[in-house]
Amino acid sequence: MNDPDKTLHDAELSNLYQRSRREEPPMALDSAILSQARQAVEKPAHKPLWRHIGWRMPLATVAVAMLTVSLIIQMKQEQPEILAPASREMFDVSPMEEGTFMDEDVPEPKMERERRASSVQKKDRELMGETVPEAMQAPALSAPSPTRSPASRQMFKQQSGSAVAPASNNAPAAASADSLKSGAVSGKLQPEAGAEQPSGLQTENWLQRIRQLIDQGKQDEARESLNAFRSAYPAYPIPEEIISAIEPAGVRPD
Amino acid sequence: MGRRDDSGDEELMLRYKAGSADAFSLLYGRHKAPLYRYMLRSCESKAVAEELYQDVWISVIQARSHYTASAKFSTWLYSIASNRLVDHYRKQGRWEEYLVDDSDEYCAVAASSEQPEAQADINQQMQRLLYCLEQLPPPQRQVFLLKEEAGLSLKAVAASIGIGVEAVKSRMRYALGKLRLCMGGEA
């Protein structure tokens with residue numbers, strides 16, 4: 001029976017083989033393998049995507065969030081400033097002036113009111129200051145501007161009433177169709193029912209201009225202006241003082 | 001012949017796994033020559049041997065993240081090498097050669113054609129041995145080389161190539177018998 005050790009190990013063969021072991025891998029092969037081994041640990045192959053992102057993504061997210069919040073805060077701060085002036089003016093309802101508004105359902109904005117009033121005044125000044133001497137002719141306006149708001153018509157009603165009042169205590173306070181029909185007011189014609197009412201301010205200014213002419217002794221000019229006024233506003237009541245102050249046409253001093 | 005001491009190999013591999021390229025360099029220096037010769041004697045040409053040799057080390061590099069010191073490093077290394085050889089043989093269509101455990105035909109032919117002289121030069125003996133080794137069936141040659149070249153125990157050889165210890169012993173007996181016969185001695 002063979003020795004198990006000998007059958008599994010042969011010293012002579014082993015020694016002989018050990019002496020024959022001379023081959024070695026070439027240096028180029030060594031370099032290539034060592035290089036690959038180094039690169040493998042310098043750049044890991046299996047790196048999760050979130051590790052590649054690292055700290056950059058969270059930092060970017062925080063930066064964007066901060067910028068967004070800053071913009072929102074800034075917009076909120078600016079918005080009240082932008083909205084406030086308009087809102088105050090737009091919704092500001094100053095106490096109604098006596099006699100100004102008769103129609104409570106139309107609260108006119110303050111800015112709008114002032115602008116309209118100034119434009120009317122300007123127009124009246126033009127009429128009275130510049131155009132009256134020239135236009136002893138009928139003014140172009142045969143009727144009030146159609147753009148005038150109902151509030152202005154209402155204003156005429158009241159102011160015409162007030163304008164009439166000083167002239168004659170017996171004159172009715174407000175123009176009304178019934179008064180007109182009844183003819184209760186002598187010598188004074190009330191605005192016809194349905195007729196478009198002129199601006200009280202404009203007519204009053206015109207009449208005031210006529211008074212000035214009378215005071216200045218310019219009878220002829222006052223008469224011509226009155227005639228023009230009557231042509232423009234035939235239904236408008238003319239104060240008695242003006243009529244009596246102006247000598248009837250045709251009767252002129254030499 | 002004294003067995004190679006691989007006590008520090010596992011630690012070096014773990015250090016390389018942790019990122020130390022120098023640890024791999026030391027490890028490579030220890031095992032590069034035996035592995036190279038193992039591949040050289042197992043393949044039909046030097047070019048093929050070098051290609052497979054590089055493949056083995058690349059596999060070691062890529063598998064570093066999965067390495068655990070549950071087995072000896074040399075056992076693990078030659079396991080990779082043996083599997084690579086099997087793959088090569090399969091591609092070559094020479095897988096059946098690995099299934100032959102014993103074949104007296106090889107050695108018998110060698111023994112009859114070239115009878116070594118009793119007092120042959122040592123170099124000639126070495127050459128003869130390498131020639132006889134080349135004539136062994138691949139499975140028997142593999143066992144002989146893993147033992148003599150890699151310094152593995154029979155148990156480690158069995159673990160490396162995935163067969164039982166008894167199968168390793170059987171192949172070893174046949175290998176040694178044929179080598180002796182081929183060298184001009186008795187089986």
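Reader: From the N terminus on, how do the elements of chain B run?

Author: The structure is a predicted model. Read from the N terminus, the elements of chain B follow the order α-α-α-α-α-α-α-α-α.

Reader: How many of the residues in chain B are buried, as a percentage?

Author: A residue counts as buried when its relative accessible area is under 20%. In chain B, which has 187 residues, buried residues make up 51%. The accessible surface of chain B is about 8500 Å², and carbon and sulfur atoms account for 47% of that surface.

Reader: Which contacts in chain B join residues at least 24 apart in sequence, and what share do they form?

Author: The share is taken among contacts between residues at least 6 apart in sequence. Of those contacts in chain B, 67% join residues at least 24 apart.

Reader: Is helix α7 of chain B mostly covered or mostly uncovered?

Author: Helix α7 of chain B spans residues 138-148 and is mostly covered, with 11 of its 11 residues buried. Among the buried residues of α7(B) are P138(B), F144(B) and L145(B), and also the residues R141(B), K147(B) and E148(B).

Reader: Let us turn to the interface. How many residues of chain A are in contact with chain B?

Author: Contact rests on heavy atoms within 4.5 Å. By that rule, 30 residues of chain A are in contact with 43 residues of chain B. The two chains bury about 3400 Å² between them, and 62% of this area lies on carbon and sulfur atoms. On the side of chain A, L8(A), Y17(A) and E23(A) lose the most area to chain B, together 21% of what that side buries.

Reader: What is the count of salt bridges between chain A and chain B?

Author: The count is five salt bridges. In one of these, D22(B) pairs with R38(A), and their closest N and O atoms are 3.6 Å apart.

Reader: Which helices of chain A each supply at least two residues of the side that touches chain B?

Author: They are α1 (4-8), α2 (11-20) and α3 (27-42) of chain A. The helix that gives the most to this side is α3(A), with 10 residues. By kind, the residues on the side of chain A that touches chain B comprise 14 nonpolar, seven polar and nine charged.

Reader: Why does D30(A) count as buried?

Author: The cut-off for buried is under 20% relative accessible area. D30(A) counts as buried because its relative accessibility is 9%. This residue is found in helix α3 of chain A. Leaving out residues up to four places away in sequence, D30(A) touches P25(A), Y28(B), K32(B) and Y53(B).

Reader: Where is the place of P25(A), and what does this residue touch?

Author: P25(A) sits in the loop between α2 and α3 of chain A. At 7% relative accessibility, P25(A) counts as buried. With residues up to four places away in sequence not counted, P25(A) touches D30(A), Y28(B), K32(B), A33(B), Y36(B) and Y53(B).

Reader: Does Q54(B) count as buried, partly exposed or exposed, and why?

Author: Q54(B) counts as partly exposed because its relative accessibility is 21%. Q54(B) lies in helix α3 of chain B, residues 46-62. Apart from neighbours within four places in sequence, Q54(B) is in contact with L29(A), A32(A), I33(A) and Q36(A). The C-alpha atoms of Q54(B) and Y36(B) are separated by 9.2 Å, and the two residues are 18 residues apart along the chain.

Definitions and conventions. Residues are numbered from 1 along each chain as its sequence is written. Chains are lettered from A and ligands numbered from 1 in the order in which they are written. This is a predicted model: local features need pLDDT of at least 70, side-chain atom pairs count only at pLDDT 80 or more; totals for chains, interfaces and linings use all residues. Side-chain values use heavy atoms; hydrogens and water are left out. Buried area is the accessible area (1.4 Å probe) that two parts lose on being put together, summed over both. A salt bridge is a side-chain nitrogen of Lys or Arg within 4 Å of a carboxyl oxygen of Asp or Glu. Helices (H or I, at least four residues) and strands (E, at least two) are DSSP runs, numbered from the N terminus. Ala, Val, Leu, Ile, Met, Phe, Trp, Tyr, Cys and Pro count as nonpolar, Asp, Glu, Lys and Arg as charged, and the others, Gly among them, as polar. Buried means under 20% relative accessible area, exposed over 50%, partly exposed in between (1.4 Å probe, protein chains only). Accessible areas come from the Shrake-Rupley method with a 1.4 Å probe; for residues, only the protein chains shown count as cover.
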